[in-house]
Amino acid sequence: MNIPVQIEYMLKKLTDSGYEAYLVGGCVRDFLLGKTPDDYDITTSAFPEETMAVFASDKVVPTGLKHGTVTVLYSGMSAEITTYRTETAYTDGRHPDNVEFSRDIRDDLCRRDFTVNAMAMDFDGNIIDLYGGVRDFDNRIIRAVGEPSERFTEDALRILRAFRFASKLGFDIENKTLKAAISLAPRLSLVSRERIFIEFEKLICSMYYAGKILRIMYENKVLDCIFDKPQINIAALDYIDKIPPFAHTRFAALFLYDERINEHVKSLKPSNEFAASVKSIAECRLPSEYDVPTLRRLLSRYKDAAIDRATAENKGEIGNRLFEIFDTEDCFSVSDLDINGTDISNVTSRRGKEIGEALHTLLFAVFDGKVENRKSDLIEYLKRI
C-alpha cells in the first residue's frame with residue numbers, strides 16, 4: 001500500500017489535531033485489489049467547520065457543507081473530507097430527509113450500502129471492518145449492509161449500484177441482496193434518468209463481466225425497469241465483454257435490433273454527442289458484399305460508425321477490413337480529394353452545382369479504383385467524362 005504523501009498529510013493533520021480520520025470507499029477497495037486509486041475520500045470525526053480550521057493554511061472548498069463535505073487541495077492533489085454522519089428517513093426513496101453529524105465512525109459505516117464499501121482504513125493500513133467487508137471482498141461477494149430491502153428502499157439507486165459493482169469487480173451478488181434488488185427494481189423510477197445513465201454507463205463498460213450482469217438483469221426483468229419495453233439483443237450478452245469498453249458501441253450492441261434504440265438512449269438524457277454516436281451506429285447497415293469499393297462508400301457515409309457497427313454485430317472480418325481501409329487510405333469525402341472546385345472551374349467550363357456534381361463523380365471514381373487521388377490524374381479523368 002502506497003498512500004500519496006498529500007493524502008497522508010491530510011490524514012495526519014486531522015489526527016494530529018485530535019480528530020479521527022480514515023480513508024473510505026473506492027480507494028480502500030482499490031488497495032485491497034492491489035491497485036493505485038484514482039481518487040481518495042476521507043471520513044473524519046471533525047465537523048465541517050473544524051475541518052476547515054485544521055486546513056486553514058491550505059486551500060479548502062466547501063463543496064457540500066450541508067452533508068458535511070469539504071474538499072482540501074494540497075500540493076496538486078485534492079480529496080473530499082466528510083464528517084461522520086447519520087441519516088434519517090428517505091421519504092423520496094433517494095435522499096435522506098435529514099443528515100446529522102457524529103463523532104462515532106460506527107454511525108457512519110452502518111449507513112453505507114454494501115459491506116465492501118463499509119470499510120475504513122487509516123494511514124498505516126489498518127482496516128475498521130464492522131460488517132465483514134474484507135471477508136466478502138475475499139469471497140468476491142456484494143452484500144448489503146444490514147437488511148437489503150431497507151437499504152434499497154432508502155435509496156433506489158443502490159439497486160443499480162449493486163449490479164454495477166458486481167460488473168466492475170466481477171463479484172457475485174449475495175442471494176438475499178440479489179432477490180431484494182430484483183423485487184424492488186421498479187423503485188428505479190424514483191431515480192433521475194441522468195443518474196441512471198451514469199451508473200449504467202459504468203456497468204456496461206466494465207472490462208470482463210458486463211455480459212454476465214446484464215444477463216441477470218435481463219432474465220429478471222430489471223432492464224424493463226430502466227427502459228420502456230426494450231428488445232435486447234440476446235446474442236450480445238455473450239460477446240459484449242469483447243467489445244472495446246466504449247459506452248456508445250456497447251449500448252448499440254445491446255439494443256442493435258430494437259427499432260426504438262434512439263428512444264432508449266434519449267430517455268437517459270445523455271450528451272448530444274453520445275446520442276448521435278449511437279444513432280449513427282443504429283442507422284448504419286453493413287453490406288452483404290465486402291468488396292473494397294462498397295466498403296469505401298460505407299466509410300464515406302458513416303466513418304467510425306461503420307466500424308462500430310461491425311463491432312456491435314460481432315462481425316470481426318468486415319470490421320477488420322473496414323479498419324484496414326480506414327487506416328491506410330485517406331479519401332472518404334469530397335474534402336479529401338486532391339482537387340477542389342476552383343481547380344475544376346480553372347480547367348473546365350463547369351460552374352455552380354455542376355462543380356459539386358463533378359467532385360462527387362470524382363470521389364466515387366476514386367472509391368471504385370478508376371482513378372488515383374492525385375490532382376493531375378483527377379483532372380485528366382474529368383476531361384474524359
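**Entry 1: Ground rules**

The model is predicted, with local features needing pLDDT of at least 70 and side-chain atom pairs counting only at pLDDT 80 or more, while totals for chains, interfaces and linings use all residues. Residues are numbered from 1 along each chain as its sequence is written, and side-chain values use heavy atoms, leaving out hydrogens and water.

**Entry 2: The whole chain**

I looked up the overall make-up and found 20 helices and 11 strands in the protein chain. Is the chain spread out or compact? The radius of gyration is 28 Å, well over the 21 Å that the globule rule gives for 385 residues, so the chain is more spread out than a compact globule. I noted that this radius is taken over C-alpha atoms, and that the globule rule is 2.2 Å times the number of residues to the power 0.38. Along the principal axes, the C-alpha atoms fill a box of roughly 90 × 50 × 35 Å.

Next came burial, where buried means under 20% relative accessible area, exposed over 50%, and partly exposed in between (1.4 Å probe, protein chains only). Of the 385 residues in the protein chain, 49% are buried. I also looked at contacts, meaning heavy atoms within 4.5 Å. Among contacts between residues at least 6 apart in sequence, 62% join residues at least 24 apart.

For charges, I followed the rule that Lys and Arg count as positive and Asp and Glu as negative, with His and the chain ends not counted. A charge is placed at NZ of Lys, CZ of Arg, CG of Asp or CD of Glu. The chain has 52 positive and 62 negative side chains, and the centres of the two sets lie 4 Å apart.

I then followed β1, which covers residues 21–24. In a regular strand the side chains alternate between the two faces of the sheet. Here Ala21 and Leu23 point one way, Tyr22 and Val24 point the other way, and all are buried.

Which strands pair with β1? Two strands pair if DSSP finds at least two bridges between them. One partner is β2 (residues 41–44), joined to β1 by four bridges and running antiparallel; tyrosine 22 stands opposite threonine 43 there. Another is β8 (residues 119–121), antiparallel to β1 over two bridges, where methionine 121 is the bridge partner of leucine 23.

In α2 I found Cys27, Val28, Arg29, Asp30 and Phe31 buried. What covers the buried residues of α2? The cover includes β1, β2, β8, α5 (133–138) and α7 (157–169). Just after α2, glycine 34 takes a positive phi of about 80°.

Aspartate 39 is found in the loop between α2 (26–33) and β2. I marked aspartate 39 as exposed because its relative accessibility is 53%.

Back at β2, I traced its pairing with β5 (residues 77–83), which is parallel over four bridges. Threonine 43 stands opposite threonine 82 in β5. β5 is also joined to β4 (residues 69–74), by six bridges, with the two running antiparallel. In that pair, valine 72 stands opposite alanine 79.

β4 and β5 form a hairpin with two residues between the strands, and serine 75 takes a positive phi there, near 50°. Is serine 75 buried or exposed? At 55% relative accessibility, it counts as exposed.

**Entry 3: Two last stops**

Asparagine 314 also went on my list: it has a positive phi of about 65° although it is not a glycine. Asparagine 314 lies in the loop between α16 (304–312) and α17 (316–328), and its relative accessible area of 45% makes it partly exposed.

My last stop was aspartate 104, in the loop between β7 (99–101) and α4 (105–109). Aspartate 104 counts as partly exposed because its relative accessibility is 24%. From aspartate 104 to glycine 352 I noted 248 residues in sequence and 78 Å in space, C-alpha to C-alpha.
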